[in-house]
Amino acid sequence: MVQGTVLRIEKISPNDGQGLRTVVFFKGCPLRCAWCSTPESQCAKRELYYQPNKCLHCARCIKACPQGALSVAANRRGVVRDKGKCVHCYHCVTVCPSHATGLYGETMTVEQVMAEIRKESLFYFFSGGGVTLSGGDVLLQADFARAILMACKEDAIHTMAELDMFGAYDNVRQIVPYLDGYYVDIKLMDTEQHRRWTDQGNESILENIRRAAADFPQTPLRVRVPLIPGVNDSEENLAATVSFCRELPSCAALEFLPYHRLGAAAYGYLGRDYAMEDRPSMTAEQARARIRFLSAADLPFSIHVAG
């Protein structure tokens with residue numbers, strides 16, 4: 001029985017592909033992008049979170065913890081967890097009446113995922129939509145992803161995926177044949193800058209994109225660039241990204257996603273600091289102005305600001 005770890009499943013999404021879609025978010029990612037808007041997707045295992053704004057200060061979780069890992073915060077406005085004592089028994093989750101404490105991630109079988117996908121089949125039919133696999137990193141659970149995509153194809157459901165393209169090409173080759181189209185992320189073209197901001201080099205990412213575009217030229221590929229002020233929005237990096245995309249026979253579009261801070265609160269829920277705390281969001285207008293110089297280029301694919 002093939003199973004994997006799913007962060008969440010979003011229904012009737014108008015994003016991440018044509019029509020209305022069900023988006024299956026996988027949990028686990030080898031990259032640590034400083035601007036990541038879903039830090040809860042990074043760890044491959046289930047994770048505890050705590051949302052102070054929902055806490056009733058009832059102390060049930062403190063009393064229920066067999067390890068004594070929980071205590072009242074110094075400011076008396078919440079609960080703190082000693083990660084050294086916590087053994088992830090999740091008793092705190094089961095007794096919390098307001099769901100201030102909970103879990104990110106769930107182990108699911110392919111059939112459990114497909115049961116959720118099939119509930120929305122009428123929306124796919126009437127809107128021309130389908131299913132999109134996203135992350136985290138889909139490629140970390142390639143067998144699980146492939147099994148879901150094969151089941152979707154048996155049901156004649158349109159399939160897409162958002163792939164970071166990091167790691168072994170064999171994982172890419174398992175998945176792309178079952179896709180009607182896919183997105184790939186390019187954060188930075190310079191490998192050392194990529195390593196600085198994501199903790200990983202980009203060599204395998206760029207090589208896997210090249211190979212997939214050559215091996216599957218009939219499957220439309222859309223390149224996405226999260227546009228982060230002061231990180232990758234220089235004319236040099238943007239021009240290098242366009243030059244790279246010119247080499248890809250299947251590239252249908254180059255999309256720029258303006259930086260936003262919508263996921264900043266999740267870092268606090270996980271007890272982590274947000275590295276981009278002082279960096280303001282970028283508006284769509286600012287993003288368009290930043291890439292305007294690219295409009296003069298004669299390109300075989302479209303360029304636009306999305307998101």
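Predicted model: local features only at pLDDT ≥ 70, side-chain atom pairs only at ≥ 80, totals over all residues.

Mentor: Searching the whole structure turns up 4 aromatic pairs. One of them is F26 with F144: the ring centres are 5.4 Å apart and the planes meet at 40°, so this pair counts as tilted. F26 belongs to strand β2 (residues 21-26) while F144 belongs to helix α5 (residues 142-154), so the pair ties together parts that are 118 residues apart in sequence. Both F26 and F144 are buried.

Now look at another pair, F125 and F126. Here the arrangement is edge-to-face, with 5.1 Å from centre to centre and 85° between the planes. F125 and F126 are both exposed.

R8 has its charged end over the ring of F25, 4.8 Å from the ring's centre. Over at Y183, R224 lies over the face of the ring, at 3.7 Å from the ring centre.

Let's finish with a tyrosine, Y178. You'll find Y178 in the loop between α6 (169-175) and β10 (181-185). Its relative accessibility is 22%, so Y178 counts as partly exposed; the cut-off for buried is under 20%. Leaving aside residues up to four places away in sequence, Y178 touches R146, L149, M150, K153 and T159. With R146, there's a polar contact between the two side chains, at 3.3 Å. As for A151, which is 27 residues away from Y178 along the chain, the C-alpha atoms of the two are separated by 9.8 Å.

Note on methods. Residues numbered from 1 in each chain as written. Heavy atoms only, no water. Helix = DSSP H or I, 4+ residues; strand = E, 2+ residues; numbered from the N terminus. Buried < 20%, exposed > 50% of the residue type's maximum accessible area, 1.4 Å probe, protein only. Contact = heavy atoms within 4.5 Å. Polar contact = N/O pair within 3.5 Å; in protein donor to acceptor, adjacent residues only side chain to side chain. Phe/Tyr/Trp six-rings, centres within 6.5 Å; stacked < 30°, edge-to-face > 60°. Lys NZ or Arg CZ within 6 Å of the ring centre and 35° of its normal.
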